[in-house]
Amino acid sequence: MLQTMRNSGKRAAGWLISRSAPRYRYDNCLFVLAHMRCGSTALSNVLCSRAEISGYGEAHVAYRDRESLGQLALNQLRRGGWKPGAAFQFDKILHSRHDLAVPREFFDARAIFVIRRPDEAIASIVRLFAGRERNEYASAEQAAAYYVERLARLEALWPRFPAHRRIGATHRELVGDPDGTLARISVRLGFDPPLANRYVSPPASRRGGGGDPAVSGQHTRIEPHLAVPGDPTASLRLPPALAREAQVRFDRLEEWFAQGGNGGNLTTP
């Protein structure tokens, strides 16, 4: 009962905020659509260090209507990531429960898709959750199931965004050549001045599911030397069919990202 009352209160507050200013529309939003352990926190930190972008990381908002944007602003306010004068609202979405029933207007937003090779991502998810009291991914198979499901959802979302309002990057591109990747994002989405490889890690991105609790606060830029290839495949021991599906979905999205798109402007409304 108490949780229901809290949720109703959040919805009511979201409705009021969403009607308080014209900027609370999906065409004034910027989303990172990704999965866990792909470098999305570092990219979010770069984006949220911009004065015109309000946010901090993963806000855990389910996008179903315009009221959801009011809830996003409310979460930012509560977590210290709200910029009242910012033209754009930001969120990082890593779980399909948050973008499974989105309205048509959701695809008016700008979207940056980020993915990581399955062997690296799955092993990293297992390491992150090992020993936690609430371990949703106690095994590589559980982490792989999440990975496959999430990439399937990203595949469904990608073609629904206009080409000039979306861009995709892999983890190896982001951490292997951060300056080049940020330059590509800037050109596609019209950042002027272009994105710079520097950031201040907001506290909210390092706690309570907001982002990366492990290393994001230890850096002020995306460090190229962090892109050290590993070989965790042998220790995963995934069912062959699951491992194949994970690789096929990654390869498909990576190919779509490489095909690209043209144009676009991220301009203040």
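Me: Which residues of α2 are buried?
Reply: In this predicted model, the buried residues of α2 are Ser40, Thr41, Ala42, Leu43, Ser44, Asn45, Val46, Leu47 and Cys48. Buried means under 20% relative accessible area, with exposed over 50% and partly exposed in between (1.4 Å probe, protein chains only).

Me: How many of the residues in α2 is that?
Reply: 9 of its 9 residues are buried, so α2 counts as mostly covered.

Me: And what covers them?
Reply: The cover includes β1, β2 (53–54), β3 (88–93), β4, α6 and α7. Helices (H or I, at least four residues) and strands (E, at least two) are DSSP runs, numbered from the N terminus.

Me: Nice. Let's go to α7, then. Which of its residues are buried?
Reply: Pro178, Thr181, Leu182, Ile185, Ser186, Arg188 and Leu189 are the buried ones in α7. They pack against β1 (29–33), α2 (40–48), β4 (110–115), β5 (166–170) and α6 (171–176).

Me: What span should α7 have?
Reply: Helix α7 (residues 178–189) has 12 residues and should span 16 Å at 1.5 Å a residue; its end C-alpha atoms are 16 Å apart, which agrees. The expected span is 1.5 Å times one less than the number of residues.

Me: What follows α7?
Reply: Gly190 does, with a positive phi near 75°.

Me: Changing topic: at what angle do α4 and α5 cross?
Reply: Roughly 125°, and the axes of α4 (residues 118–129) and α5 (residues 140–157) come within 9 Å. That makes α4 oblique to α5. Angles under 35 degrees count as roughly parallel, over 145 as roughly antiparallel, 65 to 115 as roughly perpendicular and the rest as oblique. Axes are lines fitted to C-alpha atoms, for helices over the stretch in contact, and angles run from 0 to 180 degrees between N-to-C directions.

Me: Which residues make the contact?
Reply: From α4 there are Pro118, Ala121, Ile122, Ile125 and Val126, and from α5 Ala140, Ala143, Ala144, Tyr146 and Tyr147. Contact means heavy atoms within 4.5 Å.

Me: Are those nonpolar, polar or charged, and how many of each?
Reply: The contact has 10 nonpolar residues, no polar and no charged.

Me: Last one, the whole chain: how many helices and strands?
Reply: The protein chain has 9 helices and 5 strands, and 51% of its 269 residues are buried.

Me: What should I keep in mind about the model?
Reply: Local features need pLDDT of at least 70, side-chain atom pairs count only at pLDDT 80 or more, and totals for chains, interfaces and linings use all residues. Residues are numbered from 1 along each chain as its sequence is written, and side-chain values use heavy atoms, with hydrogens and water left out.

Notes: Nonpolar A, V, L, I, M, F, W, Y, C, P; charged D, E, K, R; others polar.
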